[in-house]
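Trainee: I would like to go through this model with you. May we begin with the terms and then turn to the details?
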Amino acid sequence: GPNRRIAVYAENSLETALAHMAALHAGLSSVPVNFHLNAEEAAYILNDSGTRLLFTGPENLARAVDAVSQLNSPIPIVVWRGEGALPSGVESFEALMASSSDAEPVDDVAPRPNMLYTSGTTGRPKGAANSHAGLHNRLAWMQDAYRLDGKDTVLQKTPFGFDVSVWEFVWPLTAGSRLVMARPEGHKDPQYLAELIQREGVTKLHFVP
C-alpha cells in the first residue's frame, strides 16, 4: 500500500525494472540497493529506510537472507525465479502471483518519493528522497530537449542506486521507445558497450563527463 517502501537488491535485469515500475504504479517508495553491497551494508540501508519488503534475484538470495537476518525487525523477501526449497521468510514471485487477487490496483494513491543512497565512500550511505513529481519534471524537460519516439533505442547501462538509472528505465517507456539493457557490469567495458551500441542500433545514451 501507499506510504510503504520496498527495496530491490539485485543486479540489473528485466525483473528489476519491472519491480521499480510496479512500485511507481502502486504509489510505493522504491529503494534500490546496489547489487555489490555486502549483507551488512545492505542491512544498514534496509534499516535506515524503513523498508517493508525486499525483492531480489536467485543470484543474490543468500546475501539478501543474510542482510534481512541483521535487521531490527525481519521483513519478507520475494525472489523471482525461485527454484527448489526456499529459506524461511522467502516466497517465490510465482507463488505470490498464484495467490494474489485479479483485482485492479488502486489508482488514486499519492506517489511516494524514491529513496536513493549515496555510495558511502565518505562514511555511512545517506538516503535522499526523490519525488515522483521531480522525476516527471526531469522527463518532461528531457523529452522537450531530445524528443524520443518509437524509432529510438535507449541504452540502459547505469547500475541501480545511481540516479541516472531511474530515467534510463522510465523515459523510453513513456515515449514508446525501445529499451536495451546492458549486461551487469557492462558499463565498465568500453569495447562491449561499443559493440552493443552498434549491434542494437542505440540512438540515445548517457555518459558522465
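Mentor: Let us start with contact, which means heavy atoms within 4.5 Å. Arg 52 touches Arg 4, Arg 5, Ile 75 and Pro 76, leaving aside residues up to four places away in sequence.

Trainee: What kind of model is this, and how are residues numbered?
Mentor: This is a predicted model, in which local features need pLDDT of at least 70 and side-chain atom pairs count only at pLDDT 80 or more, while totals for chains, interfaces and linings use all residues. Residues are numbered from 1 along each chain as its sequence is written, and side-chain values use heavy atoms, with hydrogens and water left out.

Trainee: Back to Arg 52: where is it found?
Mentor: Arg 52 is in the loop between α2 (39-49) and β3 (53-56). Helices (H or I, at least four residues) and strands (E, at least two) are DSSP runs, numbered from the N terminus.

Trainee: Is Arg 52 buried, exposed or partly exposed?
Mentor: Arg 52 has 45% relative accessibility and counts as partly exposed. Buried means under 20% relative accessible area, exposed over 50%, and partly exposed in between (1.4 Å probe, protein chains only).

Trainee: How many residues separate Arg 52 and Pro 76 along the chain?
Mentor: They are 24 residues apart along the chain, and their C-alpha atoms are separated by 7.4 Å.

Trainee: Changing topic, how many helices and strands does the protein have?
Mentor: The secondary structure comprises seven helices and nine strands. The radius of gyration is 17 Å, close to the 17 Å that the globule rule gives for 209 residues, so the protein is as compact as a globular protein of that length. That radius is taken over C-alpha atoms, and the rule is 2.2 Å times the number of residues to the power 0.38.

Trainee: What percentage of the residues count as buried?
Mentor: Of the 209 residues, 40% count as buried. Among contacts between residues at least 6 apart in sequence, 62% join residues at least 24 apart.

Trainee: Which strand is largely enclosed by the rest of the structure?
Mentor: Strand β2 (residues 29-33) is, because five of its five residues are buried. Ser 29, Val 31 and Val 33 cover one side, and Ser 30 and Pro 32 the other.

Trainee: Why two sets of side chains?
Mentor: In a regular strand the side chains alternate between the two faces of the sheet.

Trainee: How many bridges join β1 to β2?
Mentor: Five bridges join strand β1 (residues 5-9) to β2, and the two run parallel. Two strands pair if DSSP finds at least two bridges between them. Val 8 stands opposite Pro 32 in β2.

Trainee: What does His 20 touch?
Mentor: His 20 touches Val 8, Ser 30, Pro 32 and Phe 160, not counting residues up to four places away in sequence. His 20 lies in helix α1 (residues 14-26) and, at 12% relative accessibility, counts as buried.

Trainee: And what does β8 pair with?
Mentor: Four bridges join β8 to strand β9 (residues 178-181), and they run parallel. Thr 153 has Arg 178 in β9 as its bridge partner. Both faces of β8 (residues 153-156) are covered.

Trainee: What about the phi of Arg 147?
Mentor: Its phi is near 55°, a positive value in a residue other than glycine. Most residues other than glycine have a negative phi. Arg 147 lies in the loop between α5 (132-146) and β8, and at 53% relative accessibility Arg 147 counts as exposed.
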